[in-house]
Amino acid sequence: GLNLTNIQGDILIGMKKKKELFFFFGIADATAFKSNLKTHILPLVTNTPELLSVSTQPVTALNIAFSKKGLDALGVTDGLGDTPFANGQLASASALGDPGTTNWVPQFTSTGIHGVILLASDTLDNINDSLTTLKSNLGSSITEIYSLQGAARPGAEEGHEHFGYLDGISNPAVQGFQSPLPGQAVVQPGEILVGEAGDPSLKSRPSWAQDGSFLVFRQLKQLVPEFNKYLLDNSIQAPSLQLTVQQGADLLGARMVGRWKSGAPTYLAPLADDPQLGSDPSRNNDFTFAPTGQNTSSLTDQTLCPFSSHIRKTRPRADLGLPENKSNTHHVVRGGIPYGPEQSDDEISSETTQTERGLAFVCYQSSIAAGFQFLQRTWANNPNFVHGSTGFDPIIGASAGASRAVNGLDPTSSASSLTMTTDFVVSRGGEYFFSPSISALATVLST
Ligand code: N7H
């Protein structure tokens, strides 16, 4: 089985807290940093079993990960066998569909980010207390480069991202560790963890890298009032459906995501939300896109869920053939959190964003090329995926800021096509990191 106490907790489980801070730093003095890593950070690093139950969760959970430049700064120059990681995220900006780095947070375009510390807790006070202690312990061994404070949305919106949809429903189960819920993908440990069975680059990893995982961080700004305006302006008004403008807007949004705001999949609730279904983990992921009993890789029907919808683009299930865990080797474990405030009355009435909000996107995989990059480039940004003229993923698809066609969103007309002239998710950049095992933190990285 997996050596769970050696695996940082955010990778397979997630911090499961209401607030999470991403603290990006540079290493100013490698010798001092290594000693501080061992004395002051290592004892605070939260492992996987600690996050499994509420009674063992620390008040403030901590994980740490390093960029390629950070490993270099520590004198750890072994190749990890991952080209995107070695080159850094800045080098892939255009390949990911970003319009260059025009919208990037300036700190992500400089070359100085060596690592990120993730701090998660129930309150901002706890996080700030931990950060104050940490900064005083690290002293001048680091430089502070950038921070992003994430927070679950308030009240009934907790667990929902800023467009309003329930998030955190469908992550893969790791074989031998988690038993899958109905419809959940099952992956070999090596699809997420370096150096485990199923790792596509098993042979090119240094031994200390085992049980680490690549952490992709992206700050994804969301234009919420503009998104809502677009849904109303393009409300689905097929005569046979008899929908009000708001109902047609809700249906359009649900078909863009592939799920209603409650989490109910359109595949099982095609024309109206079903909150009971949405909140039931034994049913809300239990579908394959294939008509019941059929096992086909040439599905042609998008009445129940558009080929272009975000969840079908990023996990095509039966579209690639079944069983999925054999035919699809492009899974990631997502662990992001929203950032930024709720919409103000003024933003709602003017249908214009004034204060930035979005998703502090995090995903883990053993190969950035086969994981995050594949989902973004080869699927979401590829108008011919999954079945010919599908168009872009309406949520995350990007074409360097150019307008995008999205097809099949009207359930009564598979030939229907919408043009999106604005991206409602705007990449503000990020970095690629490696989240090492706890034993690697205790040895190679701190000596
Ligand atoms: Fe997505 N959204 O609100 O529309 N995502 N995502 N994502 N996403 C998912 O199943 C969203 C982003 C995946 O197994 C849900 O947990 C938003 C990136 C994958 O069925 C919702 C942003 C990438 C899945 C959203 C964003 C992915 C998934 C349904 C950016 C990878 C699981 C809830 C601001 C490149 C698919 C759930 C499956 C689900 C939204 C980003 C990937 C609601 C707003 C960048 C693999």
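Of the 26 residues around the ligand, those that come nearest are Y165, I169, S170, T314 and R315, a residue being counted as near when its C-beta atom, placed from the backbone, lies within 6 Å of the molecule. Two or more residues of this shell are given by each of strand 7 (213-222), helix 11 (310-314), strand 10 (358-365) and helix 14 (372-380); helices (H or I, at least four residues) and strands (E, at least two) are DSSP runs numbered from the N terminus. The model is predicted, and local features need pLDDT of at least 70, side-chain atom pairs count only at pLDDT 80 or more, and totals for chains, interfaces and linings use all residues. Residues are numbered from 1 along each chain as its sequence is written.

Helix 14 also contains buried residues, namely F372, Q373, L375, Q376, W379 and A380. A residue is termed buried if 20 or more other C-beta atoms lie within 10 Å of its own, exposed if 12 or fewer, and partly exposed in between, with C-beta atoms placed from the backbone.

Y267 is placed in the loop between helix 9 (245-257) and helix 10 (275-278). Apart from neighbours within four places in sequence, Y267 is in contact with F287, F289, L304 and C305, contact requiring C-beta atoms, placed from the backbone, within 7 Å. Y267 and Q302, 35 residues apart in sequence, are separated by 9.0 Å from C-alpha to C-alpha.

Technical notes. Contact = placed C-beta atoms within 7 Å.
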